[in-house]
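Please keep the sequence and the structure in view while reading.

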Amino acid sequence: MNGPESGEDDAAEVAALQADHPAWAIWLPIGGRWTGVRSAGSRPAGPDLPLLWAQAATAEELASKMQTMDEQASAGGWP
């Protein structure tokens with residue numbers, strides 16, 4: 001989507017993603033891909049801890065990837 005509405009739509013998408021996935025930092029670089037990052041464990045992110053990264057072409061695709069990664073992390077699938 002182009003035009004001023006796209007920025008507002010993107011901001012709404014980020015807000016919705018953040019509400020559904022509070023452990024994730026989420027952003028959409030201009031002309032880029034939707035990106036999310038979170039700590040791989042239950043502790044807050046830090047320089048000594050691994051991170052999980054997800055990228056997608058759409059907010060919906062990113063939400064699906066983050067949900068899958070959250071489920072794997074909860075099940076102990078990440079270090």
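In which helix is the place of Met66? Met66 belongs to helix α2, which covers residues 59–74.

## Basis of the model

The model is predicted: local features need pLDDT of at least 70, side-chain atom pairs count only at pLDDT 80 or more, and totals for chains, interfaces and linings use all residues. Residues are numbered from 1 along each chain as its sequence is written, and side-chain values use heavy atoms, with hydrogens and water left out.

The predictor's confidence in each residue is given as pLDDT, from 0 to 100. For the protein the mean pLDDT is 84, and 89% of the residues reach 70 or more. Where pLDDT is low, the predicted coordinates should not be read in detail.

## Overall architecture

The protein contains two helices and three strands; helices (H or I, at least four residues) and strands (E, at least two) are DSSP runs, numbered from the N terminus. Along the sequence, these elements follow the pattern α-β-β-β-α.

Of the 79 residues, 28% count as buried. Buried means under 20% relative accessible area, exposed means over 50%, and partly exposed lies in between (1.4 Å probe, protein chains only).

## The surroundings of Met66

Met66 counts as buried, because its relative accessibility is 0%. Leaving aside neighbours within four places in sequence, Met66 is in contact (heavy atoms within 4.5 Å) with Leu17, His21, Trp24, Ile26, Gly36 and Ala54. Met66 and Arg38 are 28 residues apart in sequence, and their C-alpha atoms are 9.3 Å apart in space.

## A pair of tryptophans

Rings of Phe, Tyr and Trp (its six-membered ring) pair if their centres lie within 6.5 Å; planes under 30 degrees apart count as stacked, over 60 as edge-to-face and the rest as tilted. The count by this rule is one aromatic pair. The ring centres of Trp27 and Trp53 are 5.9 Å apart and the planes stand at 90 degrees, so this pair is edge-to-face. Because Trp27 lies in strand β1 (residues 25–27) and Trp53 in strand β3 (residues 51–56), the pair ties together parts that are 26 residues apart in sequence.

How exposed are these two residues? Trp27 is partly exposed, with a relative accessible area of 35%, whereas Trp53 counts as exposed at 51% relative accessibility.
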